[in-house]
Amino acid sequence: MADLEALLGDFAAECGDLESLVAPLAPAEWARHTPAEGWTIAHQIGHLAWTDEVATLAAADAARFTTLVTEAGPKALTFVDEAAAEAATAPPAELLERWRRGRTGLLDALRAVPAGTKLPWFGPPMSAASMITARIMETWAHGQDVADALGASRTPTARLRNIAHIGVRTRNFAYQVRGETPPAAEFRVQLDAPDGSVWTWGPDDAAQRITGKALDFCLLVTQRRHRADLALETHGADAEHWLSIAQAFAGPTGTGRKAGQFS
């Protein structure tokens, strides 16, 4: 994977691409519904703004972040949605500026994290590089919801490798969150990158294999497209089952998208 500074650059670029979609919108258009049930474009940006702020807190003041999670208690399962709903009530111009400030603050905070430091999070602690990779994934995924709401087409970039990497790394989590036991053997994942190169994970001689376009794999592991609508090929029953449950994001299992929803 890329070094921290390269990842920070990818995050800034991903945010910039999404901003190019939302910044020109008239205020009324921020209330347009997205494929995520109950979420408007304003909810999507509000969620990203809040999560960037909380990630900044985790990087800059671990004790305060831990207190936030502890005080939330059982509400920690719902306050992400509640934060998005609250943020969505702000005027779009204010929300856009909040998102800009939050992501800039996150970049500064992660640059200041000493090498080797593990940052607290809602799941297992993670390095600064893992934190920003997760933020790239979330920004891209929620950006897809915005693009779908607007009927916009996005050009795939090399930044997809960050998302695919998380998708591969979270394989076992997808099983565990469903109460299933992950397979012991590694899988081979071989993806066609946007520039024509090939990205690979896992042993070349693995019995369980997944191949296809990197874009399709990223849409699947972020649950932005249904498995039936993607040109991903598998070899082995375990690989096929994984693709039916894969999720690159933390938290409960998602509802995903319906087959043919975007055809």
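Reader: Hi! What kind of model is this, and how are residues numbered?

Author: Hello! This is a predicted model, where local features need pLDDT of at least 70, side-chain atom pairs count only at pLDDT 80 or more, and totals for chains, interfaces and linings use all residues. Residues are numbered from 1 along each chain as its sequence is written, and side-chain values use heavy atoms, with hydrogens and water left out.

Reader: Great, helices then. At what angle do α2 and α6 pack?

Author: Helix α2 (residues 41-60) and helix α6 (residues 128-150) pack at about 170 degrees, and their axes are 9 Å apart. Helices here are DSSP runs of H or I with at least four residues, strands are E runs of at least two, and both are numbered from the N terminus. The axes are lines fitted to C-alpha atoms, for helices over the stretch in contact, with angles from 0 to 180 degrees between N-to-C directions.

Reader: And what do you call that arrangement of α2 and α6?

Author: α2 and α6 are therefore roughly antiparallel to each other. The cut-offs are under 35 degrees for roughly parallel, over 145 for roughly antiparallel, 65 to 115 for roughly perpendicular, and oblique for the rest.

Reader: Which residues meet there?

Author: From α2, they include Ile 41, His 47, Leu 48 and Asp 52, and from α6 they include Met 131, Arg 135, His 142 and Val 146. Contact means heavy atoms within 4.5 Å. The residues of this contact divide into 8 nonpolar, 5 polar and 4 charged. Here Ala, Val, Leu, Ile, Met, Phe, Trp, Tyr, Cys and Pro count as nonpolar, Asp, Glu, Lys and Arg as charged, and the others, Gly among them, as polar.

Reader: Nice. Switching to rings: how many aromatic pairs are there?

Author: Rings of Phe, Tyr and Trp (its six-membered ring) pair if their centres lie within 6.5 Å; planes under 30 degrees apart count as stacked, over 60 as edge-to-face and the rest as tilted. By this rule the count is 5 aromatic pairs. One of them is Phe 65 with Trp 121: the ring centres are 5.6 Å apart and the planes are at 10 degrees, so the pair is stacked.

Reader: Where in the chain are those two?

Author: Phe 65 is in helix α3 (residues 62-72) and Trp 121 is in the loop between α5 (92-111) and α6, so to speak distant parts of the chain, 56 residues apart. Both Phe 65 and Trp 121 are buried. Buried means under 20% relative accessible area, exposed means over 50%, and partly exposed is in between (1.4 Å probe, protein chains only).

Reader: What about Phe 65 and Phe 122?

Author: Their ring centres are 5.3 Å apart and their planes are at 65 degrees, so this pair is edge-to-face. Phe 122 is also in the loop between α5 and α6, 57 residues from Phe 65. Phe 65 is buried at 1% relative accessible area, while Phe 122 counts as partly exposed at 34%. Phe 65, Trp 121 and Phe 122 form one aromatic cluster.

Reader: Which charged residues lie over a ring face?

Author: Arg 171 lies over the face of Phe 187, 4.4 Å from the ring centre. Arg 225 lies over the face of Phe 262, at 3.8 Å. The rule asks for NZ of Lys or CZ of Arg within 6 Å of the ring centre and within 35 degrees of the ring normal.

Reader: Okay, now α9: how many of its residues are buried?

Author: In α9, 7 of the 8 residues are buried, so it is largely enclosed by the rest of the structure. Among them are Ala 214, Phe 217 and Leu 220.

Reader: And what follows α9?

Author: Gln 223 follows α9, with a positive phi near 60 degrees. Most residues other than glycine have a negative phi. Gln 223 is in the loop between α9 (214-221) and β4 (232-235), and counts as buried at 11% relative accessibility.

Reader: Is Arg 103 buried or exposed?

Author: Arg 103 is buried, with a relative accessible area of 13%. It lies in helix α5. Leaving aside neighbours within four places in sequence, Arg 103 is in contact with Phe 11, Cys 15, Glu 19 and Asp 52.

Reader: Last one: what does Thr 157 touch?

Author: Beyond its neighbours within four places in sequence, Thr 157 is in contact with Pro 194 and Trp 199. Thr 157 sits in the loop between α6 and α7 and counts as partly exposed at 23% relative accessibility.
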